[in-house]
Amino acid sequence: MSKKYKLAQLYFFLLFLGVLYGCFNPFAPKIEQLGEKALVVTPQENPEQVLNNFVYAYTFKDSLVYADLLDSSFRFVYKDPNFEGPEYDLWFRDT
């Protein structure tokens, strides 16, 4: 076999491995089972379903699900215990 043919075979083999590896995301969270229930977004008709959606949003870092869980007037207030003063950090729902 010629050197060009072997180089072309190696190139296509590496390309194939790259495409195959591209289908696998090592950083994607795994879908876990919670007892008998899978992690799915529920219609939020009772407190348990709302809490299930919190678990889903936290596990998959899904800000759209978080947005549906929080009221439009939601704000998060945080006081740094190491800071001596009346200043607070404040984040609204859109943040």
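## N53 and its helix

N53 sits in helix 2, residues 47-60. Helices here are DSSP runs of H or I with at least four residues, numbered from the N terminus. This is a predicted model, where local features need pLDDT of at least 70, side-chain atom pairs count only at pLDDT 80 or more, and totals for chains, interfaces and linings use all residues. Residues are numbered from 1 along each chain as its sequence is written, and side-chain values use heavy atoms, leaving out hydrogens and water.

## Around N53

Is N53 buried or exposed? N53 counts as buried because its relative accessibility is 1%. Buried means under 20% relative accessible area, exposed over 50%, and partly exposed in between (1.4 Å probe, protein chains only).

The N53 side chain makes a polar contact with the side chain of Q44, at 3.0 Å. A polar contact is a pair of N or O atoms within 3.5 Å; within protein, one must be able to donate a hydrogen and the other to accept it, and residues adjacent in sequence count only if both atoms are side-chain atoms. Leaving aside residues up to four places away in sequence, N53 touches V40, V41, T42, Q44, V65 and L69. Contact means heavy atoms within 4.5 Å.

Q49, N53, Y56, A57 and T59 are buried in helix 2. Down the helix 2 axis, the buried residues fall within an arc of 165°, so they line one face of the helix. The arc is taken from the directions from the helix axis to the C-beta atoms. These buried residues pack against helix 3 (63-69). On the other side of helix 2, P47, L51 and Y58 are exposed.

## The ends

At the start of helix 2, a side-chain oxygen of N46 comes within 3.2 Å of the backbone nitrogen of E48. Just after helix 2, K61 has a positive phi of about 50°.

How values were computed: Helix = DSSP H or I, 4+ residues; strand = E, 2+ residues; numbered from the N terminus.
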